[in-house]
Amino acid sequence: MKLKKVEGLKGTISIPGDKSISHRAVMFGSLAKGTTHITNFLSGADCLATIDCFRAMGVRIEQEGTVVTVHGNGLRGLKKPEKQLDVGNSGTTTRLISGILSGQDFEVTLSGDASLNKRPMGRIMKPLSMMGAEIESVNGDGCAPLKITGKPLKAVRYESPVASAQVKSAVLLAGLYADGRTSVTEPALSRNHTELMLKSFGVQVLSEGTTASVMPPKEMTATDIAVPGDISSAAFFIAAGLVTPDSCITLKQVGINPTRNGIIKVCEAMGADLTMSNVKDDNGEPTADITVKTSRLKGTEIGGELIPTLIDEIPVIALMAAFAEGETVIKNAAELKVKESNRIDLTVDNLVKMGADAEATDDGMIIRGGNPLRGATIHCKYDHRIAMTFSVAGINAQGTTVIEDAECVDVSYPNFYEQLQMLAGQ
Ligand SMILES: O=C(O)C1=C[C@@H](OP(=O)(O)O)[C@@H](O)[C@H](O)C1
Ligand SMILES: C=C(OP(=O)(O)O)C(=O)O
């Protein structure tokens, strides 16, 4: 993909469905009794991998674009798949499904692409083993492929060393099959979509501070899920609207769940012209239309409990910082090193390549804003968030920017480039 400076971004777009919520809707719908109708489903590669995994375990799932119908098999109705499950590039699929597979009465192996098979799985293997599951890293490196043999599970109270919704969810989902109340405490609150959606499926869930617990139900009951727009996808256009001269963009029906809205707080701290309207609350998953206009941004500090609420947005926030006046310090974000790529190093390397003043630290980065950016060839190591971040950089840089492997945006935002062109009037 080649990008050049644009004249300004103008218009209104609908942001595709939230990736985290789309995964969970398919998973919980598969385990429920009855039919779950999902609208505004994210038809990106990661969520399609989740659909394929549950189809391979005997669940009938119909998909027509963003409308998905899941004919649930009930809590104990999954079948042993004929082959190993392919989780593609998706950490969420891998870790959440591992929790579910821990409670089944069959053995299964799951494996993903080269990037996925390098990501740490010890963080779920430990608590799931404590619950009694047999879970083995086939190559002995703590990564996928994972061989999981489901067992009758013991309830646990798990103290997670990381604020991770994937770890929390893996344990809570195994807890659906346990012999009592299972709880997870995390160092800071991560996204709570699992807790909210399990409740909609009739499961008893309790959330108190940074502890969530679940009681094993007899069955889960199908429900309808309207997926909000993904704030992690909206982030690219929030940033683009703020840093591109002569821009005004409205993003419709974006999810603003408080465990996900850190980018909005950062925008406020940076002095961004961002307004929200048409705020609606749907079972704890509120949405709003977000309007952004070109703004003079100023540097800020980002760390602590804010980090889990904006974890996937950090690369594009770092780009905003490169356009801001003064210094931005991002800390407590070491988790970025174990995403689809090492997002600290890859963000900083590509920013520097484009002429920005940025440096990596042990757990984050420091960006001194204000240097004009110049076009460059961007290696994104097949990481969708890096590809989109540097596309936003490319439309604001002197010369041409080439994004290699740009098709990886399909993982979370298949129509990203179409919407970008539309807003640029091209
Ligand atoms: O639970 C989820 O849907 C996700 C949780 C986050 O990962 P961690 O739990 O590893 O922080 C996030 O980065 C990922 O994109 C989606
Ligand atoms: C980290 C991400 O996803 P996952 O962990 O599901 O691969 C992401 O989408 O940025």
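Gln 166 sits in helix α5, and please keep in mind that this is a predicted model. Gln 166 counts as buried because 23 other C-beta atoms lie within 10 Å, against a cut-off of 20 or more. Setting aside neighbours within four places in sequence, Gln 166 is in contact with Gly 91, Thr 92, Arg 95 and Leu 96.

Now Gly 91, which belongs to helix α3. Gly 91 is buried too, with 21 other C-beta atoms within 10 Å. Beyond residues up to four places away in sequence, Gly 91 touches Leu 116, Arg 119 and Gln 166.

The UniProt annotation "binding site", from an unreviewed entry, includes Gly 91, Arg 119 and Gln 166.

On to ligand 1. The residues around ligand 1 include Gly 91, Thr 92, Ala 165, Gln 166 and Ser 169. Which helix gives the most to this shell? That is α5, with 3 residues. Both α3 (91-101) and α5 (165-175) supply at least two residues each. By type, the shell divides into 2 nonpolar, 7 polar and 3 charged residues.

Last, the domains. The assignment gives domain 1 as 2-16 + 228-423 and domain 2 as 19-226. The shell around ligand 1 draws at least three residues from each of them. Their C-alpha centres are 28 Å apart. Across the boundary, 22 residues of domain 1 are in contact with 21 residues of domain 2. On the domain 1 side, those residues split into 8 nonpolar, 6 polar and 8 charged.

Definitions and conventions
Residues numbered from 1 in each chain as written. Chains lettered and ligands numbered in written order. Predicted model: local features only at pLDDT ≥ 70, side-chain atom pairs only at ≥ 80, totals over all residues. Domains from an automatic or database assignment. Contact = placed C-beta atoms within 7 Å. Nonpolar A, V, L, I, M, F, W, Y, C, P; charged D, E, K, R; others polar. Near = placed C-beta within 6 Å. Helix = DSSP H or I, 4+ residues; strand = E, 2+ residues; numbered from the N terminus. UniProt positions renumbered as here; feature names shortened; annotations may be inferred. Buried ≥ 20, exposed ≤ 12 C-beta atoms within 10 Å, placed from the backbone.
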